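Here's a quick briefing on how two parts of one protein chain meet. Have a look at the model first, then go through the notes below.

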Amino acid sequence: MSPLDLVAAKRMVGCRAAEEVRDGMVVGLGTGSTVFFAIERLGERIAKEGLSIAGVPTSYQAAMRARRYGVLLTDLDEHPELDLAIDGADQVDPRFRLVKGRGAALLREKCVCDAAREVLIVVDPSKMVERLDAPVPVEVLPFAAGSVSRRLEALGADPVLREGVRKDGPVITDNGNFIIDCNFGPVTNPDRLEAEMISIPGVIECGLFSAYGEKITVILGDGDGCRVLSLR
Ligand code: 5RP
């Protein structure tokens, strides 16, 4: 897919997801270049249709975009249960288990995914895989980065501390933590690996989302059209 086609696909699925939002909903707003189009479309619907919604942003990026497009913001204290969440993913397997966190927003994204009754995952076809094999980002307490790295190595990873771009030193997440990217190769048992990683003291969250397949709807677009996929 050419870079232009890819942008068209992202726009198509983002806009399609925004059409699922109904008046009065509280919506989790994911992070990344695909959700960008969903937030933009929500802004259009607010302006043109008078759609009244509130959004829970998963990052500073999502919050800034939402403000720019006129989406009222709220949080999980005000709304511990969300009607819907819209988010992207780095990989999706046939049971709708995900790798997320390229944008380092995985911690709040998982909180929002967990709080949402329904989750729309917006992706282009390159994200759909038979087996998850992308490096799994892990959000780690800086104090424990060394000991956590050793534990992740013992699980079979090749842990790499994520470095900033146009910023010297490590990436600092919106929550003040480090990200360690863990290449495991093909992941044979995502559910077990997720449980093992999050049990390590100092790991705050990991980018494997293996428990949400039943409430996820995948909106898959290639620029020519969208397919809506569900396990239900
Ligand atoms: C951010 C994420 C993103 O949702 C994921 O990386 C997909 O991003 P994009 O839509 O830009 O491909 O997990 O932490």
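Across the interface of domain 1 and domain 2, eight residue pairs come out in polar contact, with both partners at pLDDT 80 or more; a polar contact here is a pair of N or O atoms within 3.5 Å, where within protein one must be able to donate a hydrogen and the other to accept it, and residues adjacent in sequence count only if both atoms are side-chain atoms. Keep in mind that this is a predicted model: local features need pLDDT of at least 70, side-chain atom pairs count only at pLDDT 80 or more, and totals for chains, interfaces and linings use all residues. Numbering starts from 1 along each chain as its sequence is written, and side-chain values use heavy atoms, with hydrogens and water left out.

**Layout**
- Domain 1 covers 3-128 + 211-230 and domain 2 covers 136-205, with bounds from an automatic or database domain assignment.
- Their C-alpha centres sit 24 Å apart.

**Charged pairs**
- Three salt bridges are counted between domain 1 and domain 2 (a side-chain nitrogen of Lys or Arg within 4 Å of a carboxyl oxygen of Asp or Glu).
- Arg 97 and Asp 191 pair up through their side chains in a salt bridge, at 2.8 Å from N to O.

**Contact and buried area**
- On contact (heavy atoms within 4.5 Å), 16 residues of domain 1 touch 14 residues of domain 2.
- About 1200 Å² is buried between domain 1 and domain 2, and carbon and sulfur atoms give 54% of that; buried area is the accessible area (1.4 Å probe) that two parts lose on being put together, summed over both.
- Within domain 1, Leu 106, Leu 107 and Lys 110 lose the most area to domain 2, together 40% of what that side buries.
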